[in-house]
Amino acid sequence: MSRLLEDQENAQGSSLGSFPSLRDVHSINPAQLMARIESYENREKKGISDVRRTFCLFVTFDLLFVTLLWIIELNVKGNIEKMLEKEVLQYDYHSSYFDIFLLAVFRFKVLILAYALCRLRHWWAIAFTTAVTSAFLLAKVIISKLLSQGAFGYVLPIISFILAWIETWFLDFKVLPQEAEEENRQLLVQDASERAALIQRGLPSDGQFYSPPESEAGSDEESEEKQDSEKPVV
């Protein structure tokens, strides 16, 4: 009997010794997981990711840079008021740069509306703007007489073409993959935190275990001797 009691106590002691280790692990991991979840929630409260914000800034830079080049082109040719009247009011597809400026405005409005306001996670909007930009610029270079008007006949179409394709590359290879990776990481962290919370709830507390009082040494032998002495002698 004493051996059985000792074995039971050892088994309970080993089980109790194993549970604190689990408790220690889950007392640390859930805190780390909750910290990560809070960081993800703070990112969601911002409304837009950092990499998407950078993309929107680059789209804005595209519009401002093309506008600056167009204004410089107007000043180089002569009085800016007369040149604006000639290129805007008396628009000529073969010699005007005003349509390249409108193309930059078109890209800016579509991309900001799609990826800043609507927060799309697909490439169809940038594919549409890049396709329209490429087709229009190729047609204008082939049909128009811009190449005969000096350096700006080369600069504005080439710059617009390059900026449009840089925007496509940045969105397709930086923005969308990074946001998808962050979303998957957030789902994994939330799943792990839920599992850790369930395991922590299932861990028994110290008060749930009861160890029976130790029996005194020789108590079993004394009880047997008393039983033998109480037996009637025949």
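I take helices (H or I, at least four residues) and strands (E, at least two) as DSSP runs, numbered from the N terminus. For packing, I use axes that are lines fitted to C-alpha atoms, for helices over the stretch in contact, with angles that run from 0 to 180 degrees between N-to-C directions.

**Entry: ground rules.** I am working on a predicted model, in which local features need pLDDT of at least 70 and side-chain atom pairs count only at pLDDT 80 or more, while totals for chains, interfaces and linings use all residues. I number residues from 1 along each chain as its sequence is written, and side-chain values use heavy atoms, with hydrogens and water left out.

**Entry: the whole chain.** I looked up the elements and found seven helices and zero strands in the protein chain. I then looked up burial (buried means under 20% relative accessible area, exposed over 50%, partly exposed in between, with a 1.4 Å probe and protein chains only). Of the 234 residues, 28% count as buried. I also looked up contacts, meaning heavy atoms within 4.5 Å. Among those between residues at least 6 apart in sequence, 78% join residues at least 24 apart.

**Entry: α2 and α3.** I found helix α2 (residues 50–77) packed on helix α3 (residues 80–89) at an angle of about 115°, with the axes 8 Å apart. That angle makes α2 roughly perpendicular to α3; the classes are roughly parallel under 35 degrees, roughly antiparallel over 145, roughly perpendicular from 65 to 115, and oblique for the rest. I noted the crossing of α2 and α3 as right-handed (the near helix is turned clockwise from the far one by less than a right angle; anticlockwise is left-handed). The residues in contact include Trp 70 and Leu 74 of α2 and Met 83 and Leu 84 of α3. I sorted residues by class: Ala, Val, Leu, Ile, Met, Phe, Trp, Tyr, Cys and Pro count as nonpolar, Asp, Glu, Lys and Arg as charged, and the others, Gly among them, as polar. The contact of α2 with α3 has seven nonpolar, one polar and three charged residues.

**Entry: α2 and α4.** I found α2 and helix α4 (residues 98–117) at an angle of about 165°, with axes 9 Å apart. That makes α2 roughly antiparallel to α4. Their crossing is left-handed. Among the residues that meet are Phe 55, Val 59 and Leu 63 in α2 and Phe 101, Val 105 and Phe 108 in α4. I counted 16 nonpolar, two polar and three charged residues in this contact.

**Entry: α4 and α5.** I found these two helices at about 175°, with axes 9 Å apart. That makes α4 roughly antiparallel to α5. The contact includes Leu 103 and Phe 106 of α4 and Val 132 and Phe 136 of α5.

**Entry: Val 132.** Is Val 132 buried, partly exposed or exposed? I list Val 132 as partly exposed because its relative accessibility is 30%. Leaving aside neighbours within four places in sequence, Val 132 is in contact with Leu 103 and Phe 106. The C-alpha atoms of Val 132 and Leu 103 are separated by 8.7 Å.

**Entry: cores.** I use nonpolar core for a set of buried Ala, Val, Leu, Ile, Met, Phe, Trp, Tyr and Cys residues joined through side-chain atoms within 4.5 Å. The largest has 18 residues, and those with the most contacts inside it include Leu 63, Trp 70 and Phe 101. Which helix gives the largest share of this core? I found that α4 does, with six residues.
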